Amino acid sequence: MARVSAKDVILDTAERLFAEQGMESVSLRTINTEAGYSVAALHYHFGNRNKLIDALITRRQEPILARRKELLDVLGKEEKPDIYRITEALVLPMAEPILENPELGLRTIKFFFRTYIDQASYGQTKDIIEESHRIFNGLLKKALPDIEQELLHQRWVIASELTFQGLANIDSVMTIRSGSSQIEHYRHYINRLIDFIAGGIAAMESN
């Protein structure tokens, strides 16, 4: 078995602690202690707290963006893409890792959710949401031409927040049905989440 590098051990430990306790509740000293390395090791590999968080986001974001690009490339060729499938392109790249490896997938999404709700100290995830709107904007306008741009933007921000929150809290809002496996129930919940978000984005504005 390949030896895990000190850098990866520190990243894994930091991600777990941030996901469990929040961004501001975890000190660099705690991360070092849990990882089993000296304070110097973290500073050697990352320099400071923000660079550590940047590295965590980059590590997990890259496969998510690659999967999203696959889905968007298909949708981009359609004259009027379906809003459900657009919503799948938002949700599935973050949800599929939970189905493949529940422990790791949930840890990752909980970490992203923590970075978002703790914007006072670290707002990079908010920038990620804004960038996702820019990427999806053309598809949304083609799918829902009768909804004004400002309202679509507001709904997309809400949809992104719901994706983070809904996936991060997946265990607390579901009960595994008799005869169903954990993965089957996760998949059922994810499909419901996509249905709910797609319906909210496409809803007609009330007067």
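Is N32 buried or exposed? N32 is buried, at a relative accessible area of 2%, where buried stands for under 20% relative accessible area, exposed for over 50% and partly exposed for what lies in between (1.4 Å probe, protein chains only).

1. Basis. This is a predicted model, in which local features need pLDDT of at least 70 and side-chain atom pairs count only at pLDDT 80 or more, while totals for chains, interfaces and linings use all residues. Residues are numbered from 1 along each chain as its sequence is written, and side-chain values use heavy atoms, with hydrogens and water left out.

2. Overall make-up. The protein has nine helices and zero strands; helices (H or I, at least four residues) and strands (E, at least two) are DSSP runs, numbered from the N terminus. Along the sequence the pattern reads α-α-α-α-α-α-α-α-α. Of the 207 residues in the protein, 43% are buried. Among contacts (heavy atoms within 4.5 Å) with a separation of 6 or more, 71% are between residues 24 or more positions apart.

3. N32. This residue sits in helix 2 (residues 28-35). With neighbours within four places in sequence left aside, N32 is in contact with Y37, S38, V39 and L42.

4. Aromatic pairs. The structure holds five aromatic pairs. Rings of Phe, Tyr and Trp (its six-membered ring) pair if their centres lie within 6.5 Å, and planes under 30 degrees apart count as stacked, over 60 as edge-to-face and the rest as tilted. The F111 and F112 rings have centres 5.7 Å apart and planes at 55°, so this pair is tilted. F111 and F112 are both buried. For F112 and F164 the ring centres are 6.4 Å apart and the planes are at 35°, so this pair is tilted. F164 is buried, as is F112. One aromatic cluster is formed by F18, F111, F112, Y116 and F164.

5. Packing of helix 6 and helix 8. These two helices pack at an angle of about 135°, with their axes 9 Å apart. Axes are lines fitted to C-alpha atoms, for helices over the stretch in contact, and angles run from 0 to 180 degrees between N-to-C directions. Helix 6 and helix 8 are therefore oblique to each other: angles under 35 degrees count as roughly parallel, over 145 as roughly antiparallel, 65 to 115 as roughly perpendicular and the rest as oblique. The crossing of helix 6 past helix 8 is left-handed, a term for a near helix turned anticlockwise from the far one by less than a right angle, with right-handed used if clockwise. On the helix 6 side L106, I109, K110, F112, F113 and Y116 meet E161, F164, Q165, L167 and A168 of helix 8.

6. L167. This helix 8 residue is buried, with a relative accessible area of 0%. L167 and I109 are 58 residues apart in sequence, and their C-alpha atoms are 6.8 Å apart in space. Neighbours within four places in sequence aside, L167 is in contact with V91, M94, A95, I98, L106, I109, L162, I190 and L193.

7. In the bridge of D12 with R59 the closest N and O atoms are 2.9 Å apart. That pair links distant parts of the chain, D12 in helix 1 (residues 6-21) and R59 in helix 4 (residues 49-75), 47 residues apart. D12 is partly exposed at 27% relative accessibility, and R59 is partly exposed at 22%. R67 bridges to E96, with the closest N and O atoms 2.8 Å apart. Here too distant parts of the chain are linked, with R67 in helix 4 and E96 in helix 5 (residues 83-100), 29 residues apart. R67 is partly exposed, with a relative accessible area of 25%.

8. E78 forms a salt bridge with R85, the closest N and O atoms being 2.5 Å apart. E78 is partly exposed at a relative accessible area of 23%, and R85 is partly exposed at 31%. Through salt bridges that share partners, D12, E15, R59, R60 and R107 are joined into one network.

Terms used
A salt bridge is a side-chain nitrogen of Lys or Arg within 4 Å of a carboxyl oxygen of Asp or Glu.
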